[in-house]
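Thanks for coming. I will go through one structure, starting with the overall fold and then one residue.

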Amino acid sequence: MKRDDSCQGVDEYRVIVPKAIEAGLSPVVVKEIVYQSVDYMGIGRSLPFLVTVNEIFIELGIALPLDGQAMTTTKDRLEKRVQTQVEIFGDA
């Protein structure tokens, strides 16, 4: 895959991620940061970071794919969403 480093940050990211993991940041958190960046940067600018983080994980011996982190299922998603909204905003 040809990488388009649109925001010129992939090289620095490649340096920072191993240090962050060494300092105790979990691979799940590292991946989640990239996933969350899509909303702000768009998939076109986030994809090079996703590719890079996968390469780094492989280099560090971190097994891919990471374990799923879902806390809901298709059966309880609506119920849990409503529960969370009530916890945040109160029962209206």
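By contact I mean heavy atoms within 4.5 Å. On that basis, of the contacts in the protein with a separation of 6 or more, 62% are between residues 24 or more positions apart. Note that this is a predicted model, where local features need pLDDT of at least 70, side-chain atom pairs count only at pLDDT 80 or more, and totals for chains, interfaces and linings use all residues. Residues are numbered from 1 along each chain as its sequence is written, and side-chain values use heavy atoms, with hydrogens and water left out.

The protein has 4 helices and 0 strands, in the order α-α-α-α from the N terminus. Helices here are DSSP runs of H or I, at least four residues, and strands are runs of E, at least two, numbered from the N terminus.

The C-alpha trace spans about 50 × 25 × 25 Å along its principal axes. The radius of gyration is 17 Å, whereas a compact globule of 92 residues would have one near 12 Å. That radius is taken over C-alpha atoms, and the globule rule is 2.2 Å times the number of residues to the power 0.38.

Now the residue. Ser37 lies in helix α2. Is Ser37 buried or exposed? Ser37 is buried, at 16% relative accessible area; buried means under 20%, exposed over 50%, and partly exposed in between, with a 1.4 Å probe and protein chains only. Across the protein, 20% of the 92 residues are buried.

Apart from neighbours within four places in sequence, Ser37 contacts Gly42 and Ser46.
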